[in-house]
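Reader: Could you walk me through this one? I'd like to go from a single residue out to the bigger picture.

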Protein chains: 2
Amino acid sequence: MSEKPVWELIGSGFVQHYYNLFDSDRTKLLDLYADFSCLTWEGEGFPGREAIMKKLISLPFKSIKHSITAQDHQPTPDSCVVSMVMGQLKADDDHVMGFHQVFLLKQVGNNWICVNDMFRLALHNFGA
Amino acid sequence: MSEKPVWELIGSGFVQHYYNLFDSDRTKLLDLYADFSCLTWEGEGFPGREAIMKKLISLPFKSIKHSITAQDHQPTPDSCVVSMVMGQLKADDDHVMGFHQVFLLKQVGNNWICVNDMFRLALHNFGA
């Protein structure tokens, strides 16, 4: 039996599932969002599942592989789970890039849905 | 008049206030947390305002300066605001380091309180 708290299992399970789908067939990410979900991608907002999926599917690479460097999870006062991910990604033949992403997960029926999603490349976070 | 949405003003206002206090006198951060707040600092959890403040005050530097590279904010389904910050910090005479931090903000009475806080240095997020 795991001794990890349930919110950590929910968060880490979601994160693993999310990037597995993203790297194999990101059209399947549809089921992880709701109509009231919101994505901010590199500072640009995409409200609602339809806009989110349109953005994710339009990203200009054929293959991508995410590797997670660190992830943190917390329960929120409203029975959600907030997750912060640091990682690296490699898209097609580009250089490896750092990224970070935040998910707010909420239980809807029997499923944990991503209601808030924020993504940024870590490219610009260096130097003095 | 600003045309920015209110949740963005709440998030960006909190972020500015938080780092101003952190850099000038971090004992004053007390008022930004509640007893049910939770901090994860470099992967280690600190539940509750008292534990959070004990950790923040014990950090081993005399002076610190945060610079924000990018910040994103979203409203959540439970009327909170989630904020993701990328930035750089310089502690005493150390090299500049990248960091990222996530805040979940909730209105308690007339104040916006940080109920969830996650912080990580970006040191380990590079290379192939």
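Reader: Let's begin with T40(B). Which strand of chain B does T40(B) lie in?

Author: Keep in mind that this is a predicted model. Going by the strand assignment, T40(B) belongs to chain B's strand 1.

Reader: Is T40(B) buried or exposed?

Author: The cut-off for buried is under 20% relative accessible area. T40(B) comes in at 7% relative accessibility, so T40(B) counts as buried.

Reader: Which residues of chain A does T40(B) touch?

Author: Leaving out residues up to four places away in sequence, T40(B) has neighbours in both chains. Within chain B they are G45(B), D117(B), M118(B) and F119(B).

Reader: What about residue pairs in polar contact between chain B and chain A: how many?

Author: Taking pairs with both residues at pLDDT 80 or more, the count between the two chains is 14.

Reader: Of the residues on the side of chain B that touches chain A, how many are nonpolar?

Author: Strands 1, 3, 4, 5 and 6 of chain B each supply at least two residues of that side. Its residues include 16 polar and 5 charged. The nonpolar ones number 21.

Reader: How much area is buried between chain B and chain A?

Author: The contact takes 42 residues from chain B and 43 residues from chain A. Carbon and sulfur atoms give 61% of the buried area. The area itself is about 3300 Å².

Reader: Now the aromatics. How many aromatic pairs are there over all chains?

Author: Counting ring centres within 6.5 Å, the number over all chains is 18.

Reader: W41(A) is in a stacked pair. Which residue is its partner?

Author: The planes are 10° apart, and under 30 degrees counts as stacked. The centres are 3.9 Å apart. The pair links strand 1 to strand 6 of chain A, 78 residues apart. W41(A)'s partner is F119(A).

Methods: Residues are numbered from 1 along each chain as its sequence is written. Chains are lettered from A and ligands numbered from 1 in the order in which they are written. This is a predicted model: local features need pLDDT of at least 70, side-chain atom pairs count only at pLDDT 80 or more; totals for chains, interfaces and linings use all residues. Side-chain values use heavy atoms; hydrogens and water are left out. Rings of Phe, Tyr and Trp (its six-membered ring) pair if their centres lie within 6.5 Å; planes under 30 degrees apart count as stacked, over 60 as edge-to-face and the rest as tilted. Helices (H or I, at least four residues) and strands (E, at least two) are DSSP runs, numbered from the N terminus. Contact means heavy atoms within 4.5 Å. Buried area is the accessible area (1.4 Å probe) that two parts lose on being put together, summed over both. A polar contact is a pair of N or O atoms within 3.5 Å; within protein, one must be able to donate a hydrogen and the other to accept it, and residues adjacent in sequence count only if both atoms are side-chain atoms. Ala, Val, Leu, Ile, Met, Phe, Trp, Tyr, Cys and Pro count as nonpolar, Asp, Glu, Lys and Arg as charged, and the others, Gly among them, as polar. Buried means under 20% relative accessible area, exposed over 50%, partly exposed in between (1.4 Å probe, protein chains only).
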